[in-house]
Amino acid sequence: MNMRVKEIAEIVGGKVIGDENIVITGISGIKEAEPGDITFVATNKYKNLLKTTKASAVLVSPEINNTVSTTLIQVENPSLSFAKIMELVGDEPVKFTAGIHPTAIIGENVKLGRNVSIQPFAVIEDNAEIGDNTVIGAAVYIGHYTKIGKDGLIYPHVIIRERVKIGDRVILHPGTVIGGDGFGFATVRGIHHKIPQIGTVEIGDDVEIGSNVTIDRARFDKTYIGNGVKIDNLVQIAHNVKIGDNTIVVAQVGISGSTEIGKNVIIAGQAGIIGHITVGDNAIIGGKAGVTKDVPPNTHVTGFPARDKWEDMRFQVFVRKQPELNERIKKIEEKIENLKKILEHLYGEEISKND
C-alpha cells in the first residue's frame, strides 16, 4: 500500500482535516498503529485514543474534528470505510473454481445453477437445488429437497438437513447445523417420548450465520430467519422461533422454542430468552440478560430477570451497596442496644419492662 491521504479520502468520500499529502503505507488497529498506518475510530466512545495513537491518519465520524497531532478523514461510517480500504489493500479473496469435485456425491434430480462450485467430499442428496454461483464447501451435507439460493457461500462441515429453504447471498460458517430436530419430548411416567419434528427451517436473503450455530427445524410449520439477519458463533435457536429482518444475535445466545423476535433487534452475548414470548421491533437485550417475559418495542432491557436498563442499573447499585448497608444497620443496632442499657441504668427495671 502506498497512497496519499487525499486519494484515500476520495475513495471513501471523506473530508480531510490535516495534511492530505501524507503517504499511507499500511493499515492497523488504533492501538497497534505505527507511523505510516491508517486506522479508524468507530464511535465517540473511543475518541480519546486519538491522543495516543501513532497512526498517520484516522477515519472518524463527522462530529470528531479536533485534529490533535493526527490527520483525520471524516466519513459517515468509519468502520465501513475502513473495511473498504482493507478490501483494496488486503490479500485477494480465495476464489473457488466452478464445477464438481470428483469426490463429491450428487444425488438424483439435483438441480445445479450456473457456476456452482462443489468442493471435495460434499454430499448433496436427491432433489436438492443449488442457485447460481453458490459455493458448497468441503464435507458439506445438503439434505433431500433442500433449496439454496444464488451467490451463497457454505463453508466446510456445514450440515443442512432435508427440506430446508435458504435465500440468496447467504453465508454459513463452518460447523453450523440447519434443520436439526427441535428438542421436543413428552414425558409419561418418567419416560421421555420423542415428538416428531415435521416442520422445516426457512432463511431469508443476505443472512450470515457464524460457526457452530444450531437452528432447529420446527415441530410444525417452520423456524424462520428474516432477511439481513446476522448471527454470531455458538448460538442456539430452537424450533418454531421467528426472527425479524436485520436483527443481530451475538455469540452464545440461546432462544427457546416458539419465541418471536422483531425486526432490527440486538441480542447481546450470552443472553437467554425463554419460549413463547415476543420481543418487539428495535429492542435491545443486554449481554447475559435472562428474558422471562415479553419485551416491548424500542426498549432496552438488561439483567436477570430482564427489566428496563435503568431500573436494572439502580438494582445493581443497591446490590453492590448491600455489604455497606449491612454494616451500617449493624452499627445502628449496637447503638440502640447501648441506649437501652443506659436507659435501664437511669430508670431501672420499669423502663426495661416497658421495652
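This is a predicted model: local features need pLDDT of at least 70, side-chain atom pairs count only at pLDDT 80 or more; totals for chains, interfaces and linings use all residues.

Colleague: What do Glu337 and Lys340 form, and how far apart are the closest N and O atoms?

Modeller: Glu337 and Lys340 form a salt bridge, with 3.9 Å between the closest N and O atoms. The cut-off is 4 Å, so this pair counts.

Colleague: Why would two side chains do that at all?

Modeller: Side chains with opposite charges can pair when their charged atoms come close.

Colleague: How many salt bridges does the count come to?

Modeller: The count is 10 salt bridges. One of them pairs Arg114 with Asp132, at 3.1 Å from N to O.

Colleague: How open are Arg114 and Asp132?

Modeller: Arg114 is exposed, with a relative accessible area of 61%. Asp132 is partly exposed, at 22%.

Colleague: And what about Arg307 and Asp312, buried or exposed?

Modeller: Arg307 and Asp312 are both buried. They form a salt bridge as well, and their closest N and O atoms are 3.5 Å apart.

Colleague: OK, which side chain of opposite charge is nearest to Asp216?

Modeller: That's Arg161, and it is 8.0 Å away. Asp216 is buried but has no salt bridge. A salt bridge needs a nitrogen within 4 Å of a carboxyl oxygen.

Colleague: So where is Asp216, then?

Modeller: Asp216 is in strand E26, residues 214-216. Leaving out residues up to four places away in sequence, Asp216 touches a list of others, including Phe183, Val201, Thr223, Ile237 and His239.

Colleague: Let's zoom out. What does the secondary structure come to?

Modeller: The protein chain has five helices and 40 strands.

Colleague: And what's the radius of gyration of the chain?

Modeller: The protein chain comes out at 29 Å, while a compact globule of 355 residues would be near 20 Å. Along its principal axes, the C-alpha trace spans about 105 × 75 × 30 Å.

Colleague: How much of the chain counts as buried?

Modeller: Of the 355 residues, 37% count as buried. The accessible surface comes to about 20000 Å², and 53% of that belongs to carbon and sulfur atoms.

Colleague: How many positive and negative side chains are there?

Modeller: There are 40 positive and 44 negative side chains, and the centres of the two sets are 3 Å apart.

Colleague: What share of the contacts comes from residues 24 or more positions apart?

Modeller: They make up 17% of the contacts with a separation of 6 or more.

Colleague: What's phi like at Ala139?

Modeller: Phi of Ala139 is near 60 degrees, a positive value in a residue that isn't glycine. Ala139 lies in the loop between E14 and strand E15 (141-142), and it is partly exposed at 29% relative accessibility. Asn298 also has phi near 60 degrees. Asn298 sits in the loop between strand E38 (290-291) and E39, and counts as exposed at 59% relative accessibility.

Colleague: Last one: is Ile64 buried or exposed?

Modeller: Ile64 is buried, at 2% relative accessibility, in the loop between strands E6 (57-60) and E7 (71-74).

Colleague: What is Ile64 in contact with?

Modeller: Setting aside neighbours within four places in sequence, Ile64 is in contact with Val41, Asn44, Lys47, Leu50, Leu72 and Gln74. Take Lys47: Ile64 is 17 residues from it in sequence, and their C-alpha atoms are 7.8 Å apart in space.

Key. Residues are numbered from 1 along each chain as its sequence is written. Side-chain values use heavy atoms; hydrogens and water are left out. Helices (H or I, at least four residues) and strands (E, at least two) are DSSP runs, numbered from the N terminus. The radius of gyration is taken over C-alpha atoms; the globule rule is 2.2 Å times the number of residues to the power 0.38. Buried means under 20% relative accessible area, exposed over 50%, partly exposed in between (1.4 Å probe, protein chains only). Contact means heavy atoms within 4.5 Å. Accessible areas come from the Shrake-Rupley method with a 1.4 Å probe; for residues, only the protein chains shown count as cover. Lys and Arg count as positive and Asp and Glu as negative; His and the chain ends are not counted. The place of a charge is taken as NZ of Lys, CZ of Arg, CG of Asp or CD of Glu.
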